[in-house]
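Here is a friendly tour of one protein model and what surrounds its ligands. Take a look at the structure first, and then we can walk through it together.

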Amino acid sequence: MAYFPAFLKLDGKKILIVGGGNVAYEKLEHLLDFTKDIHIIANEFSEEMLQRIEEENLVYEKRKYKKGDIREFAVAVVAVDSIALQAEIFEESKQYNCLCNAVDSVEYCDFIFPSYVKKEDLIIAISTSGASPAMAKHLRKYLQKMIPNGISEFLQEMKKLRKSLPKGKERMKMLDEKAKKYIENWSHNER
Ligand SMILES: C[C@@]1(CC(=O)O)C2=NC(=C\c3[nH]c(c(CCC(=O)O)c3CC(=O)O)Cc3[nH]c(c(CC(=O)O)c3CCC(=O)O)/C=C3\N/C(=C\2)[C@@H](CCC(=O)O)[C@]3(C)CC(=O)O)/[C@H]1CCC(=O)O
Ligand SMILES: NC(=O)c1ccc[n+]([C@@H]2O[C@H](COP(=O)([O-])OP(=O)(O)OC[C@H]3O[C@@H](n4cnc5c(N)ncnc54)[C@H](O)[C@@H]3O)[C@@H](O)[C@H]2O)c1
């Protein structure tokens with residue numbers, strides 16, 4: 001079965017990253033675009049990871065993962081170089097209703113990280129269902145070049161209009177035409 005694309009609300013949800021290497025750093029960077037409530041446990045941390053942790057004032061522990069560590073977390077990202085530990089934490093996560101992502105095997109993932117383009121309110125998520133993360137990355141770069149930066153202001157304007165005008169067919173028609181026109185003029189909009 002394919003993955004269901006959903007946008008997860010992280011407010012009030014505690015995130016645990018296990019691992020302090022290159023992949024943990026990439027996952028941390030992506031999570032930081034959406035939440036600061038991140039706790040990290042690893043027996044070794046890379047320099048860049050430690051620097052980012054300090055910049056963001058995150059809680060971290062330099063030690064081995066131990067059973068039960070995920071208890072208080074809503075989401076766990078297991079970025080360690082051991083498939084056995086990824087499997088173990090995934091199994092454990094079921095006991096605590098914790099959503100788990102394991103970086104080496106979709107078998108041990110409740111969800112996978114998409115590649116994404118983010119321009120304030122606009123978020124476009126891309127997934128290849130794990131078939132080719134490299135392809136997801138290049139498709140992201142392609143879309144990033146295509147979408148004008150001005151889209152953030154355009155979305156703000158649309159948001160204001162939606163709030164200020166009364167609900168109904170007329171508002172729907174007007175918003176639909178404005179959005180259609182914006183995309184038709186894509187090439188004239190500032191990149
Ligand atoms: C999109 C992105 C988001 C992010 O990380 O936030 C992401 N991987 C990215 C990059 C990337 N990852 C890898 C390469 C090397 C080239 C290649 O293998 O293609 C590159 C490219 C690079 O780094 O240049 C290697 C790799 N990745 C996974 C495995 C394990 C396996 O497949 O078995 C291995 C093999 C390890 C090995 O054996 O060496 C697994 C996963 N990686 C996913 C996400 C999930 C599926 C996403 C999907 O396809 O829908 C999934 C299933 C789980 C997860 O991580 O959640 C991010 C791009 C962000 C961006 O730039 O936009
Ligand atoms: N999903 C992806 O996007 C992706 C991309 C490339 C590689 N990978 C896979 O990700 C894995 C990690 O790669 P990396 O380059 O970050 O490795 P790394 O060796 O740089 O980092 C591994 C980290 O795991 C920590 N660790 C290991 N056992 C631990 C334990 N018991 N308790 C706490 N921490 C522990 C280490 O201290 C270290 O910080 C590899 O197995 C690789 O195949 C995934």
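The shell around ligand 2 divides into eleven nonpolar, six polar and four charged residues. In this count, Ala, Val, Leu, Ile, Met, Phe, Trp, Tyr, Cys and Pro are nonpolar, Asp, Glu, Lys and Arg are charged, and the others, Gly among them, are polar. This is a predicted model, where local features need pLDDT of at least 70, side-chain atom pairs count only at pLDDT 80 or more, and totals for chains, interfaces and linings use all residues. Residues are numbered from 1 along each chain as its sequence is written, while chains are lettered from A and ligands numbered from 1 in the order in which they are written.

**Around ligand 2**
- Ligand 2 is surrounded by 21 residues (a residue counts if its C-beta atom, placed from the backbone, lies within 6 Å).
- The closest ones are Gly 20, Gly 21, Val 23, Glu 44 and Val 103.
- Helix 1 and strand 2 (38–42) each supply at least two residues of this shell; helices (H or I, at least four residues) and strands (E, at least two) are DSSP runs, numbered from the N terminus.
- Helix 1 gives the most to the shell around ligand 2, with three residues.

**Around ligand 1**
- Ligand 1 has 23 residues around it, and the closest are Phe 113, Ser 115, Ser 127, Pro 133 and Ala 134.
- Helix 1 (22–32) and helix 4 (133–146) each supply at least two residues of the shell around ligand 1, and the largest share, five residues, comes from helix 4.
- By class, the shell around ligand 1 holds nine nonpolar, nine polar and five charged residues.

- Five strands line up in the order 3-2-1-4-5 as an open sheet with parallel pairing; two strands pair if DSSP finds at least two bridges between them.
- Strand 3 (59–62) and strand 5 (99–102) are at the edges with a single partner strand each, so one side of each has no neighbour in the sheet.
- Strand 2 pairs with strand 3 in the parallel sense over four bridges, and Ile 41 stands opposite Glu 61 in strand 3.

**The hairpin**
- Strand 6 (residues 115–119) and strand 7 (residues 122–126) run antiparallel and are joined by five bridges.
- Val 117 stands opposite Ile 124 in strand 7.
- Two residues lie between the strands of this hairpin, where Glu 120 takes a positive phi near 50 degrees.
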